[in-house]
Amino acid sequence: MTIQEWFAMQYELDQYIEKEHGLQGEDLFEKKILALLVEVGELANETRCFKFWSKKPPSAHEDILEEFVDGVHFILSLGLDLGFSDREYSLVSQEANEDLDRSFLKIYRLVNDFRQSKDAGDFEELFRQYIILGQTLGFTLDEVQEAYKKKNEVNFKRQQNGY
Ligand SMILES: O=c1ccn([C@H]2C[C@H](O)[C@@H](COP(=O)(O)O)O2)c(=O)[nH]1
């Protein structure tokens, strides 16, 4: 799936949600920023990377992946809202951050930077670093896109069932 196709899938879902909730034309930027921050927190919780006080293992690979793609939804949605979907993105990278705690804290900082600047370069850096976080968690881009497709469908069904 190309990045443009990825944005297009998110566009369809966002349009459906906005129509369903009578929100067409509303500025949902700040709510989506907050939603993304919440998703990043939920993801960190599933990895348990910061829980130095606990001996419990992380959640299963697929459960962490599902949380991860919730964040992807909101990143794509924010990019669409600012009209950044037609740009070229180089998301594939050999980088992987060893330290998960620092990676999560970095994502929080990048979300806030992007919130303030609404800048295309800051958006790309956020998207890129989020994908690198995924790689650090053991997910390939293909795997992320497959999981995204599944969750996108679940999100549609939820809307149709009065979520
Ligand atoms: O405008 C929106 C609002 C929500 N979602 C998706 C992203 C997540 O996959 C899911 C979050 O739903 P909760 O399970 O957190 O309610 O909804 C969108 O894609 N676009």
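This is a predicted model: local features need pLDDT of at least 70, side-chain atom pairs count only at pLDDT 80 or more; totals for chains, interfaces and linings use all residues.
Colleague: Happy with that! Which helix supplies the largest share of the shell around the ligand?

Modeller: Helices here are DSSP runs of H or I, at least four residues long, numbered from the N terminus. Helix 1 (3–20), helix 2 (29–47), helix 3 (61–81) and helix 6 (141–160) each bring at least two shell residues. Among the residues around the ligand are Q10, L13, D14, I17, K32, E39, H73, F74 and R158. The largest share, four residues, comes from helix 1.

Colleague: How many residues of that shell are charged?

Modeller: Asp, Glu, Lys and Arg count as charged. The shell also holds four nonpolar and three polar residues. For the charged class, the number is five.

Colleague: And how much of the ligand's exposed area does the protein bury?

Modeller: Let's begin with polar contacts (pairs of N or O atoms within 3.5 Å). Side-chain polar atoms lie 2.4 Å from a ligand oxygen in Y163 and 2.6 Å from a ligand oxygen in D70, while D14 has a side-chain N or O atom 2.9 Å from a ligand nitrogen. By the Shrake-Rupley method with a 1.4 Å probe, the ligand taken alone exposes 460 Å². The part of that buried by the protein is 78%.

Methods
Residues are numbered from 1 along each chain as its sequence is written. Side-chain values use heavy atoms; hydrogens and water are left out. A residue is near a molecule or strand if one of its heavy atoms lies within 4 Å of it. A polar contact is a pair of N or O atoms within 3.5 Å; within protein, one must be able to donate a hydrogen and the other to accept it, and residues adjacent in sequence count only if both atoms are side-chain atoms.
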